[in-house]
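Let me put the model up on the screen, and then I'll walk you through the bits I marked.

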Amino acid sequence: MLWREGLYDPYGLLLSPGERSFRDQLTAFLSGYDGLIERQFFRGRGGPARSLYQELGSRGWLSMCWPREFGGRRSPRSFEFILWDTLAYFRACRPDLGPGLIAHVLITKGSDELRQRVLPKLASGSISLCLGYSEPEAGSDLTNVQTRAKVDGDAYVVTGHKIWTSDAHHASWMWLLCRTAPFAPGSTCLSLLLVDMATPGITVSPIHTIDGHQVNEVFLDEVVVPVANRVGEEGNAWTMIREALAVERHTQVLPGRLRRDLEELELLLDEHGLSDQPLARRSLLDLHCQLAIVEAGSLAAVAAIGAGGQAVMEAAQAKFLGSHLSQAIPRVGLDLLGTAGVIGDNEMAFLWRESIMETIAGGTVEVMASMLARQGLGLGSRT
Amino acid sequence: MNEFAPQPEQLEFARALTALVESRNESGAADASAGLWTELADMGFLGLCGDDGGGGPRDLVVAMEALGGVVCPGPIVATTAAALLLEGSQLEELNAGRLRATFTEGVHMPWFDSCSVLIEVQDGQAWLAANPGQPTAVRTLSAEPWAVGSPTRGRQLPEPARALTLFDLGVSAYLVGCARRLIDQGAAHAQLRTQFGHVIGDFQAVAHPLAIALAQNNASSQLVGLAAFEMEHGQCHPARARLVRAASTNAALSAAAAVHQAMGGLGFAVETGVGVVSTRIRQWSLLPPVSRAFDLA
């Protein structure tokens, strides 16, 4: 294919000199970095990934798009996309939650005290966070969160149960979505708290997943959280996180990851002498078509965000199409490899297991389709 | 990051072309009338990407997507691509709307009756046909006037790669436009048609396939725009253009299927015009040259 032969760079023409220079620096750094472990991208944000985040942070790359008054360089958001997309291609790490989604909310809605206390640590990549969102009865319907935070003096006392919490087993802090007074149902009483994971009353229990990874249940039993750790106004969390999620969504399934997945498939087919079979060629064409439209859509989302828009539709489109492609690649791969595909721990077998969660986590494809239907076509009020 | 989205002046030109086709009531027609062809020429569309056309690939794909949206008839893609191959009096005639061109791979000749220039394409090379070889009119899926024949090759046309790349992008853009027309029609139907006490668009099983079609088609439009941007910078390899055409074809065909499903019997009936557009999509996805459109190499 063209890019394997060095004939085509999907972003080449679009990059400004500054963006190209950054990508070159990043690529050079990653090519010489010996701290990566195999499939690190899929192994969460602790351990070697956290070490890598700190390396990135030491170069100012985690906070480069932040406003200057908070220690950033006010680089365009396209730099963030280039950062995480390149890291995804290198199978290095997923976007760090702290400097991305969490920092963006803190910068716009956090108190001065909270910003001063937390933002430098996020910029350095030295602390790991987990998102305390989903609960057993609140998945796609996140407004059904039941974890309660009651005020007691200058603290909240928090009790509840979170599930499917990635990285909780090595996180220093939890970004907790909880219900505050007057505890009415729906989205109006939701608040955000930053919770120190070392606080007494927190229990983390592993949920082992079929790709060899781990997510967690987190039990909060009268956990005391200072009121000063609340982000924004009480009851205003839903608006904050919905806006943040919508914009960060375009980095959830990155084209660089998918390009790498497809390259791995092509390498495997080469190894098995299958590349020239007509069925393989036709199947690869279909996958390349899908990758091309995912790339173009992601770039359009980045451009729209760079122009100051929220790009909610574009981000939903990117998540929807990208997550389906993440499943299509190993499905086709195993079809073509046949029995050989299920032997051992080859890349397609691993991706087949791993990609099952890509259409579910971070907003299911059904929710994305509903957003597209509602906002793009005015359909689907029962969704 | 550089922008590749359509620019305001491109969109304005596209709107003017749309208004033209609709004002002449030629949406969905099998072939373009002489009057429409002349007016397209007067607007500078036919020779847009030729030497004196003043436009480039990005202008063309934005315009072509709009024309797909009104199901503009006739060999508009082949003729606009031929503007990069012809010269002298032939190019003048094309720019003036007095010459229509079509491509063949040696057998099938789309809109043969209304075309005065036949260009044979094989393995990336192109020749003016010296003799069409006793063409016979044939029925086609979308009722457009094609012919079959055995043309003989005349003068070889130098360096056709750019024209053929533009052709693939033009077809892609047209398909995107057609598909968007269908999606909007399907959504409009789903907002009105009532069953089980609700408009059918309230049900996910109806809304989601249309939303998926929208996502794929929007992304195809963005891909075509990106490829046109690459072409303007001399960096759209012909294989890339073929990939774009295959991707746009897949998205458009899927959209057509989703809309037919959403519209049920109405989509199957002639009166709604859904069939005109869906068959147009299917047939235009196979406009020659196409034999290498689904080949990766």
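So, Trp164(A): buried or exposed? Buried, because 20 C-beta neighbours sit inside 10 Å, and 20 or more is what the cut-off asks for. Keep in mind, by the way, that what you see is a predicted model. You'll find Trp164(A) in the loop that runs between strand E3 (155-162) and E4 of chain A. Its phi is near 60 degrees, which is a positive value in a residue other than glycine.

Now hop over to chain B for another tryptophan, Trp111(B). Here phi is near 55 degrees, again positive in a residue other than glycine. Trp111(B) sits in the loop between E2 and strand E3 (117-122) of chain B, and because 22 C-beta neighbours fall inside 10 Å, Trp111(B) counts as buried.

While we're at E2 of chain B, look at the sheet there. Three strands make an open sheet in the order E2-E6-E5, with antiparallel pairing. Strand E2 (108-110) and strand E5 (136-138) of chain B are the edges, each pairing on one side only. From one strand to the next, the twist averages 35 degrees. E5(B) pairs with strand E6 (residues 146-148) of chain B through three bridges, in the antiparallel sense. If you want one pair to click on, take Ala137(B), whose bridge partner in E6(B) is Ala147(B).

Next, the cis peptides. In chain A, one joins Ala181(A) and Pro182(A), with omega about 5 degrees. Pro182(A) is in the loop between strand E4 (173-179) and strand E5 (190-196) of chain A. In chain B, a cis bond joins Pro288(B) and Pro289(B), also with omega about 5 degrees. Pro289(B) comes in the segment after helix H9 (274-284) of chain B.

Let me zoom out to chain A as a whole. We've got eleven helices and eight strands in chain A. Of its 383 residues, 48% count as buried. The C-alpha atoms fill a box of roughly 70 × 45 × 40 Å along the principal axes. For contacts in chain A with a separation of 6 or more, 71% are between residues 24 or more positions apart.

One more residue in chain A: Glu347(A), in helix H10 (residues 347-354). With 19 other C-beta atoms within 10 Å, Glu347(A) is partly exposed. Leaving aside neighbours within four places in sequence, Glu347(A) is in contact with Glu264(A) and Leu268(A).

Last stop, where the chains meet. How many residues does each chain bring to the contact? Chain B brings 42 and chain A brings 41. On the side of chain B that touches chain A, the elements giving two or more residues are helix H6 (161-192), helix H7 (204-232) and helix H8 (238-268). H7(B) gives the most, with 17 residues. By class, that side of chain B has 24 nonpolar, 14 polar and four charged residues.

Note on methods: Residues are numbered from 1 along each chain as its sequence is written. Chains are lettered from A and ligands numbered from 1 in the order in which they are written. This is a predicted model: local features need pLDDT of at least 70, side-chain atom pairs count only at pLDDT 80 or more; totals for chains, interfaces and linings use all residues. Two residues are in contact if their C-beta atoms, placed from the backbone, lie within 7 Å. Helices (H or I, at least four residues) and strands (E, at least two) are DSSP runs, numbered from the N terminus. Ala, Val, Leu, Ile, Met, Phe, Trp, Tyr, Cys and Pro count as nonpolar, Asp, Glu, Lys and Arg as charged, and the others, Gly among them, as polar. Two strands pair if DSSP finds at least two bridges between them. Axes are lines fitted to C-alpha atoms, for helices over the stretch in contact, and angles run from 0 to 180 degrees between N-to-C directions. A residue is buried if 20 or more other C-beta atoms lie within 10 Å of its own, exposed if 12 or fewer, and partly exposed in between; C-beta atoms are placed from the backbone.
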